[in-house]
Amino acid sequence: MMLYAGCREKAPPAGITVLMEAPPDTLDDRFALTAHGQRLAQLISPGLLTFDDASAPVPQLAESFHDVSPTVVEFRLRPGLTFHDGSALTAEDVKATYDSLRDPKLGSPKRERYEPLERVEVVDARTVRFHLKRPYAPLLAELSAAILPSERTGPEGIEAQATHPVGAGPFRFESWPDEEHLTLIPFAGWHGGTPALSRLTFRVVRDETTRVLELLKGRADLVVNAVSPAVLPTLREAPHLRVVTKPGTGFTYVGLNLREGPLADVRVRQALCHLIDVRPLVEHKLHGLAEPASSMLPREHWAFTATPACGYSPKEAARLLDAAGYPDPDGPGGRPRLTFTFKTSTDRFRRAVALVFKEQLAQGGVAVEVRALEFGTFFEDVRRGRFELFTLKWAAVMEPDLLRGAFHSGNIPGPENHWGGFNRGALKDPALDRILEAATQAPREERRALYARAQEELDAVLPVIPLWHEASVAVVSSRLADFVPSAHGLLTPLARAREVTSPSGLGRAP
């Protein structure tokens, strides 16, 4: 309340203003690696399909899709699709887009994802078939890539698409004058009907306090997953703001280095898990805006399976540490059984969480030295295996094949894959490898059963300690109506939102 008391009224800017904490890396989805680049690209240039809040694929530019055989998937485009430049969107554009993604000369960082794809066939103007080298169920997740006009798919179109993109989405590009400002306007030819927002202005505001003040003063209308839970009570008190939440798919976890030392022993990993109590963190640090996790997959996910999980139990932790050969040397409060370093970023919230873990682990005789590093340095250490414990978050978990990316022994980072593997703790589990490989080729119901087995195995070997799935949180002004947040933190709900031109109770500016 104190933050906005004593401020005077100020007219908001035209259209809707959205705040982001960082700029997009590019607006060409073939090259976008940051969440902001990918989410803005989805507004401008959507793909054949997208994913609902349960992470199930649903048609987008496609009217329908189905399996012709175990190695052929057919998509039928919606009738009358057009790009922002007025040209027709046809199966030829779909083929050109995916051919470019697979072209080594283009150099898309996403090229490897399409290795199972043998060729793309144009059947007719509205029908396209994807022929696979072998059955590969996760391919659908990669068929959400932005569809571009064929003339922009070659090397000569990279710069234009990166800075002045053309797509068939609900909003079309207007301007990007500098790193901090980007504007989009509604596309009257969108298959879903002209969006009701007159203009979208995206502003980069890196400092959280400034983002909060801009919301309170009425200078911004939307922030998605970019304010910490601690400031939400203040934002809820503002008469012109509302906080809207939905169970999210982001996954926060403690990473463990299994390569050598005590953490190579599953009993030690299980003991640490039994010493961490996420409930007070969810209640007090996250203000209830999270669900305790037992798996990388959230409870709402179609492939989720409930597992016993370790649960908070200091007594069981002590038993496991004794069995692993790390007895308490001199009783409670004395010298520790074990000592670890715990790396995190300098983000205040993440550092505060690490300090809580330090206190909880100390009660079980495990000493932790928290090292808070600038994010670039921290993440490079994680990529290269230079850690004992760390905490990170997957922004959104949709395709369950992410389990293979994160835990298959073939995805351990190293020089051969430019340290790009996601199995950063170096788990080696041949049985799990076989389950995850089989799941890539199975029909959906069989995949569900295989992922249930995978989650049970991960629960037993514990390569990471699951913490929680944070809610998707949107702070919305009274000028933006009908905005329903995406479980994945996407911006696409803006296409269905309305602009209120004369709301009461606008924010106040000093």
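**A quick tour of the chain**

You'll find 14 helices and 23 strands in this chain. Keep in mind that this is a predicted model. Here's what stands out, from the overall build down to a couple of single residues.

**Overall build**
- The radius of gyration comes out at 24 Å, which agrees with the value near 24 Å for a compact globule of 510 residues.
- Laid along its principal axes, the chain's C-alpha atoms fill a box of roughly 75 × 65 × 35 Å.
- Take the contacts between residues at least 6 apart in sequence: 69% of them join residues at least 24 apart.

- Of the 510 residues, 53% count as buried.
- The chain exposes about 21300 Å², with carbon and sulfur atoms supplying 52% of that area.
- There are 60 positive and 64 negative side chains, and the centres of these two sets sit 2 Å apart.

**The annotated stretch**
- An unreviewed UniProt entry annotates residues 57–399 as "domain: Solute-binding protein family".
- That stretch, 57–399, is 25% helix and 26% strand, and its end C-alpha atoms are 9 Å apart.

**Two residues with positive phi**
- Ser55 isn't a glycine, yet its phi is positive, at about 70 degrees.
- Look for Leu462 in the loop between helix 14 (444–461) and strand 19 (464–470); its relative accessibility is 4%, so Leu462 counts as buried.

Note on methods: Residues are numbered from 1 along each chain as its sequence is written. This is a predicted model: local features need pLDDT of at least 70, side-chain atom pairs count only at pLDDT 80 or more; totals for chains, interfaces and linings use all residues. Side-chain values use heavy atoms; hydrogens and water are left out. Helices (H or I, at least four residues) and strands (E, at least two) are DSSP runs, numbered from the N terminus. The radius of gyration is taken over C-alpha atoms; the globule rule is 2.2 Å times the number of residues to the power 0.38. Buried means under 20% relative accessible area, exposed over 50%, partly exposed in between (1.4 Å probe, protein chains only). Contact means heavy atoms within 4.5 Å. Accessible areas come from the Shrake-Rupley method with a 1.4 Å probe; for residues, only the protein chains shown count as cover. Lys and Arg count as positive and Asp and Glu as negative; His and the chain ends are not counted. The place of a charge is taken as NZ of Lys, CZ of Arg, CG of Asp or CD of Glu. UniProt positions are given in the numbering used here, feature names are shortened, and annotations may be inferred rather than shown by experiment.
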